[in-house]
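This note sets out numbered points on the structure shown below.

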Amino acid sequence: MPDGLRARGTLRIYLGAAPGVGKTFAMLNEAHRRAGRGTDVVAAVVETHGRSKTAELLDGLELIPPKEMVYRGTAMYELDVDAVLERRPALVLIDEMAHTNVPGSRNPKRWQDIDEILDAGIDVLTTINVQHLESLNDVVEQITGIVQRETVPDAVVRRAEQVELVDITPEALRRRMVHGNVYAPEKVGSALSNYFRTGNLTALRELALLWLADQVDAALAKYRSDNRITKTWEARERVVVAVTGGPNQRRWCAGLVVLPPSRVPNFSLSTWCVVTAWWGPPRRS
């Protein structure tokens, strides 16, 4: 590669099922880990949302001040892409990938800012919640009743070299909220009875897990193709079930489940093959 040119940077995304699961916290921990081994790290956008434990992790990291933008007479602050490109660190932290920039900004969307920085050869750590994935936007609306205006195309997220799920159970997240570790005390009650209901969080968590499982499947298929691997890898369960040949085929036979019983309940991650058997006089074609 000619002097002065750098390969496109790598993108690592921290994916969460909902706000408060710990995406920014995980991103900052990774930043300190890399800085500790000598990587040139800067933080350009880190949203602490008033969470003291998250804010404490900014200590020791170089910060790039945001760019002030005036919109309709109000000062607002956005990622300073020019400052990041001029500083040219090895790694930059840019929180909230789905953010919509103030009109008049360099790019309409923050994910477009990130793409430009990656093109300059700078690695990026960023965060996103599952409700901001474009393909799941309508599903999330059905679950929560809330329309998400800020989305990121799935293709952009899938291009990332790494997508890491920051996972937490719905019960643990609700406890975290009660303890004041997510929202201000006056907002907790409303949040717990609306968006952060246990049912909502469970469904959003399942969406995140299934989306990421699909991403892993795609990565595995690419690896097998790139390395010309044709032998079958039993990485996913396969279940064969026989059903009767009755008129409605509603009766399920118990036999022919070719897996240990302890593994059969993992329906969502299994490939099912249904075999129909016909008993009686031969059918006429």
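**Notes on the pocket, cavities and salt bridges**

1. The lining of the largest pocket is made up of 11 nonpolar, 15 polar and nine charged residues. Here Ala, Val, Leu, Ile, Met, Phe, Trp, Tyr, Cys and Pro count as nonpolar, Asp, Glu, Lys and Arg as charged, and the others, Gly among them, as polar. The volume of this pocket is about 880 Å³. Pro-19, Gly-20, Lys-23, His-49 and Arg-51 are the closest to its centre among the 35 lining residues. At least two lining residues come from each of α1, α2 (52–56) and β7 (123–129).

2. The model is predicted, so local features need pLDDT of at least 70 and side-chain atom pairs count only at pLDDT 80 or more, while totals for chains, interfaces and linings use all residues. Residues are numbered from 1 along each chain as its sequence is written, and side-chain values use heavy atoms, with hydrogens and water left out.

3. The chain contains nine helices and 10 strands (DSSP runs numbered from the N terminus: helices are H or I of at least four residues, strands E of at least two). Of its 285 residues, 41% are buried (under 20% relative accessible area; exposed is over 50% and partly exposed in between, with a 1.4 Å probe and protein chains only). Among contacts (heavy atoms within 4.5 Å) between residues at least 6 apart in sequence, 67% join residues at least 24 apart.

4. The structure also holds two cavities of 30 Å³ or more. On a 1 Å grid over the protein atoms alone, a cavity is a set of points where a 1.4 Å probe fits but cannot get out, whereas a pocket is an open set with protein on both sides within 12 Å along at least five of seven lines; lining residues have an atom within 4 Å of a point. Grid points are joined across faces, edges and corners, and a volume is the space filled by probe spheres set on the points.

5. The largest cavity has a volume of about 40 Å³. Its lining includes Ala-17, Val-21, Pro-170 and Leu-201, and α7 (170–178) and α9 (198–226) are the elements that give two or more residues to it. Seven of these lining residues are nonpolar, one is polar and one is charged. For the second largest cavity the volume is about 30 Å³; Ala-17 and Val-21 are among its lining residues, which divide into six nonpolar, no polar and two charged.

6. The whole structure has 14 salt bridges (a side-chain nitrogen of Lys or Arg within 4 Å of a carboxyl oxygen of Asp or Glu). One of them joins Arg-33 to Glu-30, with the closest N and O atoms 2.7 Å apart. The two residues are about one helical turn apart because they lie three residues from each other in helix α1 (residues 23–36). Arg-33 is partly exposed at 43%, whereas Glu-30 is buried at 8% relative accessibility.

7. Which residue forms a salt bridge with Arg-110? The partner is Glu-78, at 3.7 Å between the closest N and O atoms. Arg-110 lies in helix α4 (residues 110–119) and Glu-78 in strand β5 (residues 74–78), so the bridge ties together parts 32 residues apart in sequence. Arg-110 is buried, with a relative accessible area of 2%, and Glu-78 is buried at 5%.
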